Amino acid sequence: MTARERMLSAYHNQKADRTALGIYSRYLPRGSAEREFRGCGLGIIEYYPVTTMLAPPWHNYSGYISEVKNVDLDIRYIWEQGHLYERRTYQTPVGKVYAEIGQSAGAGSEHIRKYYIKDIEDYKILQYIVENTVIKSNESGIQQKKHDLGEDGVVLGRLDRSPYQKLLIELAGAEQFLVDLYTDPDPVLELMNAMEAKMDEVFDMAASSSADVIWQPENVTSDMTPPDNFEKYCMPFYNKRCKILRQAGKPYVFHLDGKIKALIDHLNNTDFDVIESMSLPQIGGDYTFTEAVNAFPGKAIIPNFPSNLCCESDETIEKFLLNFKAEAQNSPCMLQVSEDIPEDQTSRILTLICSVFGDK
């Protein structure tokens, strides 16, 4: 089987000839090392948005930025104590909001220093921005990515986060969002409803796109999305969209890299297909692979390589890999590198992974 075939088997919860290997494209070193690892069966996970993103997007990358009617976007760079930040300001007829984004350690990682929503009045401004966002299909980009990648991996059709998670992680931050949700919910819920309505357009385009797999980077953890909130704000959103993608024959893949044991009943009543980038206990997750397979029947389990093991010896890492290989051998699975690894450790880690799981 090719790397792509193994990976697609994992996304469809079907057993392949062996455990698939995958790595987010941004983490794969280019050049001779890349050729060596791909030759061992390491598949590339290339995610690309099926549509432009709901404004404001977190990443100002090609294919992410949407036009917003009657709104000006100004971007300027500021230096502070030797660190570079990008200030993004949206000027609307009902007011302006801005955020400051900095580059984090790791490939393509960013952190938010100042969120767009800083007080309760900002929800109305964000609502105007959302309602005037023009969503456009990126179908030509998806097709080109698939053509370029061929059998070397899979292109995931990336979606925006759900309204709850986007506010929690990108727009307001946990403290502001959760306090506002509990103390003055009306403006928050109005914005969430506007976001959900706009996401209907996104999912319709995703269902008709040529992307084989639809991926949503939800980053849910029960610490910040407790069961009551998940049931009230997340489950209805997910289950409505699950039906759309199921009818289109596309696996609906959730990036869930936090603590999920407290959400077991709710997740099992949510009809998505794949728990992707699941954190194993070695990096603070609350399920082993076998426990997750048993806890979530019918859902594919795709864990990430625990990046904190990069600090350990070759012998310790090889022991983990051999134990995981034995644990996963009877189940559909893919072990993937989907969390930041120090650049000076990447080749060592990939060499060890390929020596245990690879074709050579």
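This is a predicted model: local features need pLDDT of at least 70, side-chain atom pairs count only at pLDDT 80 or more; totals for chains, interfaces and linings use all residues.
Student: At what angle do α11 and α12 pack?

Tutor: Helix α11 (residues 314–328) and helix α12 (residues 346–357) pack at about 40 degrees, and their axes are 10 Å apart. The two helices are therefore oblique to each other.

Student: And which hand does the crossing of α11 and α12 have, left or right?

Tutor: The crossing is right-handed.

Student: Which residues make that contact?

Tutor: From α11, the contact uses Asp314, Ile317, Glu318, Leu321, Leu322, Phe324 and Lys325. From α12 come Arg348, Ile349, Leu352, Ile353, Val356 and Phe357. By class, 9 are nonpolar and 4 are charged, with no polar residues.

Student: Switching topic. How many aromatic pairs are there?

Tutor: The structure holds 20. In one of them, the ring centres of phenylalanine 203 and phenylalanine 237 are 5.9 Å apart.

Student: Why is that pair edge-to-face?

Tutor: The ring planes stand at 80 degrees, and planes over 60 degrees apart count as edge-to-face.

Student: Where do phenylalanine 203 and phenylalanine 237 lie?

Tutor: Phenylalanine 203 is in helix α7 (residues 185–208) and phenylalanine 237 in helix α8 (residues 227–247), so the pair ties together parts 34 residues apart in sequence.

Student: Are phenylalanine 203 and phenylalanine 237 buried or exposed?

Tutor: Both are buried.

Student: What does phenylalanine 203 form with tyrosine 252?

Tutor: An edge-to-face aromatic pair, 5.9 Å centre to centre with 80 degrees between the planes. Tyrosine 252 lies in strand β11 (residues 252–255), so this pair links parts 49 residues apart in sequence. Tyrosine 252 is buried too.

Student: Which residues form the aromatic cluster?

Tutor: Phe203, Phe230, Phe237, Tyr238, Tyr252, Phe254 and Phe272 form one cluster.

How values were computed. Residues are numbered from 1 along each chain as its sequence is written. Side-chain values use heavy atoms; hydrogens and water are left out. Axes are lines fitted to C-alpha atoms, for helices over the stretch in contact, and angles run from 0 to 180 degrees between N-to-C directions. Helices (H or I, at least four residues) and strands (E, at least two) are DSSP runs, numbered from the N terminus. Angles under 35 degrees count as roughly parallel, over 145 as roughly antiparallel, 65 to 115 as roughly perpendicular and the rest as oblique. A crossing is left-handed if the near helix is turned anticlockwise from the far one by less than a right angle, and right-handed if clockwise. Contact means heavy atoms within 4.5 Å. Ala, Val, Leu, Ile, Met, Phe, Trp, Tyr, Cys and Pro count as nonpolar, Asp, Glu, Lys and Arg as charged, and the others, Gly among them, as polar. Rings of Phe, Tyr and Trp (its six-membered ring) pair if their centres lie within 6.5 Å; planes under 30 degrees apart count as stacked, over 60 as edge-to-face and the rest as tilted. Buried means under 20% relative accessible area, exposed over 50%, partly exposed in between (1.4 Å probe, protein chains only).
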